Amino acid sequence: MVAGAGAGAVAVPGGGRPLIITEDPVLLDDLLRLCAAAGAEPHVHHAVPGQGGAGGSDRASDGTAAGVGWDSAPLVLVGDDAARRVRGAPRRTGVFLVGRDLDDPLVWQRAVEIGAEEVLRLPEAESLLVDRIADVVEGAGRPALAVGVIGGAGGAGASTLACALAVRAARAGERTILIDGDPLGGGMDVLLGGESAEGLRWPDFAASRGRVGAGALEESLPELHALRVLSWDRGDRVVVPPAAMRSVVAAARRRGGVVVVDLPRRVDEAVAEVLAQLDLVLMVVPGELRSVAAAGRVAAGVRMVARDVRVVVRGRCPGGLEPEAVAGLLGAPLAGEVPVEVGLPGRVAEGEPPGAQGRGALARFCDGFWQRALGPAQGVPA
């Protein structure tokens, strides 16, 4: 890392087209290829736009760039061949010196002279560079609050709660993506009444590697009840590689808003990739001793990866345990209690998703949860 842009440096605007400055045709071909992989259409110049010298493909006749300048470009990729021509340009963030010569001892001096944040050497830094460019295209803002829901015991109602959380977040105006992480759960699109809705399902992403475009992901998914849902199709495939899980969940988070993930009770490598990206996991546990015993085993696996696990007690059983006792036995904070909602199964069977009725117990729990979680600090309170 090069400490180039100090106090008074030009800030990098979010979104837009990166600026490439180079006359090296081989390097330019590589950078254009990486920009295409990130979904970006760059401006190309041979020198700093507007400061004289040879122009590039976007250079206007008056010596300024058409729609781009050194100060206004969200990201500047300076070829090592062009470093000397960039000296004297105003200091700003978001400048990277890119080249191929790994043995040049003076490259760091040139990076300091132009205020570069980093020196990137191809092909080793290709993946990192694609990520940087994609952040520019998508606008790297605050990531989504990601909440996982998992059943501590069979039939605890985790999928119902996950669906209701997503529905209530969407109705509150949050950009919301609901991810079905349980291939044997029957399908979250079915629970939302949209199993025939057009859009991609998990098997379409099974071959995903590296970075998945956040905007493209969101637009490709079925839209149901004002939220996007990534579910399973009705085929036989029930396995998505861990790398694909990691890439897709990371893309969903980059869009901001809320991401809710319905998790299976087993923690395999793919589920671990999801858990590692979650801000909070809600474990749904019926308030009776046998369910608590089962939940203890599930919690042990989840805690190996997840940062924050909390208990939601579902329903009250005659002679059962109090919510505080359930949380105490599991050694986890209590996130709340969700009473059994009379008539909910029948309404779901008729096509009404969980949480749709604002006056129901499930909706009230979800609304209260989001009010606490999506406060000014955009975090989950302790």
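Partly exposed, as I use the term, means a relative accessible area between the buried limit, under 20%, and the exposed limit, over 50%. Alanine 197 is at 21%, so alanine 197 counts as partly exposed. Please keep in mind that this is a predicted model.

Let me stay with alanine 197 for a moment. Alanine 197 sits in the loop between helix 6 and helix 7. Leaving out residues up to four places away in sequence, alanine 197 touches Pro222 and Leu224. Leucine 221 is 24 residues from alanine 197 in sequence, and the two C-alpha atoms are 9.3 Å apart.

Now the chain as a whole. The chain has 382 residues, of which 53% count as buried. There are 13 helices and 13 strands. If we take contacts between residues at least 6 apart in sequence, 68% of them join residues at least 24 apart.

One is formed by tryptophan 202 and tryptophan 232, with 6.0 Å centre to centre and 35° between the planes, a tilted arrangement. Tryptophan 202 is in the loop between helix 6 (188-191) and helix 7 (214-220), while tryptophan 232 is in the loop between strand 9 (227-230) and helix 8 (242-254), so the pair ties together parts 30 residues apart in sequence. Both tryptophan 202 and tryptophan 232 are buried.

Phenylalanine 369 and tryptophan 370 make an aromatic pair too, edge-to-face, at 5.0 Å centre to centre and 70° between the planes. Phenylalanine 369 has 4% relative accessibility and therefore counts as buried. Tryptophan 370, at 6%, also counts as buried.

Next, helix packing. Two packed helices are described by the angle between their axes and the distance between the axes. For helix 10 (residues 289-303) and helix 11 (residues 323-330), the angle is about 45° and the axes are 9 Å apart. Helix 10 and helix 11 are therefore oblique to each other. The crossing of helix 10 past helix 11 is right-handed. On the helix 10 side, the contact is made by Leu289, Val292, Ala295, Gly296 and Arg303; on the helix 11 side, by Val326, Leu329 and Leu330. Sorted by class, that contact has 6 nonpolar, 1 polar and 1 charged residues.

Another alanine comes from helix 9 (residues 269-275), namely alanine 272. Buried or partly exposed: which is alanine 272? Its relative accessibility is 22%, so alanine 272 counts as partly exposed. Setting aside neighbours within four places in sequence, alanine 272 is in contact with Val267 and Val305. Methionine 304 lies 32 residues from alanine 272 in sequence and 8.7 Å away in space, C-alpha to C-alpha.

Last, some backbone details. Leucine 122 and proline 123 are joined by a cis peptide bond, with omega about 5°. Proline 123 is in the loop between strand 5 (118-121) and helix 4 (126-138).

Where is histidine 225? Histidine 225 is in the loop between strand 8 (223-224) and strand 9. Histidine 225 is not a glycine, yet has a positive phi of about 55°. With a relative accessible area of 33%, histidine 225 is partly exposed. Alanine 226 is found in the loop between strand 8 and strand 9 as well. Phi of alanine 226 is positive, near 70°, again in a residue other than glycine. At 54% relative accessibility, alanine 226 counts as exposed.

Definitions and conventions. Residues are numbered from 1 along each chain as its sequence is written. This is a predicted model: local features need pLDDT of at least 70, side-chain atom pairs count only at pLDDT 80 or more; totals for chains, interfaces and linings use all residues. Side-chain values use heavy atoms; hydrogens and water are left out. Axes are lines fitted to C-alpha atoms, for helices over the stretch in contact, and angles run from 0 to 180 degrees between N-to-C directions. Helices (H or I, at least four residues) and strands (E, at least two) are DSSP runs, numbered from the N terminus. Angles under 35 degrees count as roughly parallel, over 145 as roughly antiparallel, 65 to 115 as roughly perpendicular and the rest as oblique. A crossing is left-handed if the near helix is turned anticlockwise from the far one by less than a right angle, and right-handed if clockwise. Contact means heavy atoms within 4.5 Å. Ala, Val, Leu, Ile, Met, Phe, Trp, Tyr, Cys and Pro count as nonpolar, Asp, Glu, Lys and Arg as charged, and the others, Gly among them, as polar. Rings of Phe, Tyr and Trp (its six-membered ring) pair if their centres lie within 6.5 Å; planes under 30 degrees apart count as stacked, over 60 as edge-to-face and the rest as tilted. Buried means under 20% relative accessible area, exposed over 50%, partly exposed in between (1.4 Å probe, protein chains only).
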